[in-house]
Amino acid sequence: MLHALLPLKDLSNAKTRLSGVLSLSRRRALAQAMAEDVLQCLLHHPKITTVTLLSPDPAAPHLAASSGARYLDERSLGSSGLNGVLTEALSQQGDAALHHLIAHGDLPALSAGDISLAVEALQSTDVVIGSDLAGQGTNLLAFRGGRQPQLAFGTDSYTRHRAAAEQAGLICKNLQTSGIGFDVDAPADLATLLALYRKGALGNHTSRLLQAGLAERLSLVIDSLQTQPCDDGAAERSEG
Ligand SMILES: Nc1nc2c(ncn2[C@@H]2O[C@H](COP(=O)(O)OP(=O)(O)OP(=O)(O)O)[C@@H](O)[C@H]2O)c(=O)[nH]1
Ligand SMILES: O=C(O)[C@H](O)COP(=O)(O)O
């Protein structure tokens, strides 16, 4: 039995590193569309038995209900921060035999094949760390029942998750794929997002959002990044 958990920040505070180039409404829409794609990917995978959306966002109960995921309001947990709320949510599961997979919501090119690779790797190891393309962050973390390493999402989390697993005597594998590795964090990631859209390699929700006008905005952003340094607040001023 494999339980998947998708943490999703309050959308009005999501993707703040893009605030110099995208307005709040565009960042919000992008964060939601990417999370819906990750949710669909998890919900449709035959090896995943349950999916929980963990979020404080007011739109999250509807997102979960309309897709068939469970919803956990992080404000009910008495914890804060990504590691705190995930640790608390996992401790409430109660079934020690359950394997877990945590996938971040900002992986617009995540595929069923990526999840299958993580599931396969989990058969011969305690912990799978799905790293970002730079090999520094953790975009996906899976572990066998009762083999949870201390969660260390944040800066250099790949190294810190490895160290936490080793310290706990757990066997750990790295998994780096293009779908797990590509997370949309910074303005520089938008060129890759647009290129993947043009190749048809994004999930449906993100792809539709780009089709509905975001692609044009991204092209402008990418052009302007090539000619001038980023100005925080410029997006809000230019888009109103
Ligand atoms: N539930 C929950 N999810 C979180 C929290 N912080 C981050 N996340 C989620 O964790 C994943 C990775 O987060 P980040 O890459 O830092 O995304 P972000 O916080 O929207 O980006 P920035 O604002 O630019 O740092 C995304 O799915 C976020 O929505 C939190 O405090 N609670
Ligand atoms: O552990 C991580 O890599 C962070 O939680 C998320 O990383 P990001 O800020 O690169 O998305």
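A residue is near a molecule if its C-beta atom, placed from the backbone, lies within 6 Å of it. The model is predicted: local features need pLDDT of at least 70, side-chain atom pairs count only at pLDDT 80 or more, and totals for chains, interfaces and linings use all residues. Residues are numbered from 1 along each chain as its sequence is written, and chains are lettered from A and ligands numbered from 1 in the order in which they are written.

View 1. Around ligand 2 stand Leu82, Asp132, Gly137, Thr138, Phe153, Gly154, Ser157, Asp183 and Asp185. This shell comprises 2 nonpolar, 4 polar and 3 charged residues (Ala, Val, Leu, Ile, Met, Phe, Trp, Tyr, Cys and Pro count as nonpolar, Asp, Glu, Lys and Arg as charged, and the others, Gly among them, as polar).

**View 2. The open sheet.** The sheet consists of 7 strands in the order β3-β2-β1-β4-β6-β5-β7, with mixed pairing (two strands pair if DSSP finds at least two bridges between them; strands, E, at least two residues, and helices, H or I, at least four, are DSSP runs numbered from the N terminus). Its edge strands, β3 and β7 (172-175), each pair on one side only.

**View 3. Pairing of β2 with β3.** Strands β2 (residues 50-55) and β3 (residues 70-73) are parallel and share 4 bridges. From β2 the chain passes through helix α2 (residues 60-67) to β3 in a right-handed β-α-β crossover (with the strands pointing away from the viewer, the path from the first strand over the helix to the second runs clockwise). Threonine 52 lies opposite arginine 70 in β3, and leucine 54 opposite leucine 72 in β3.
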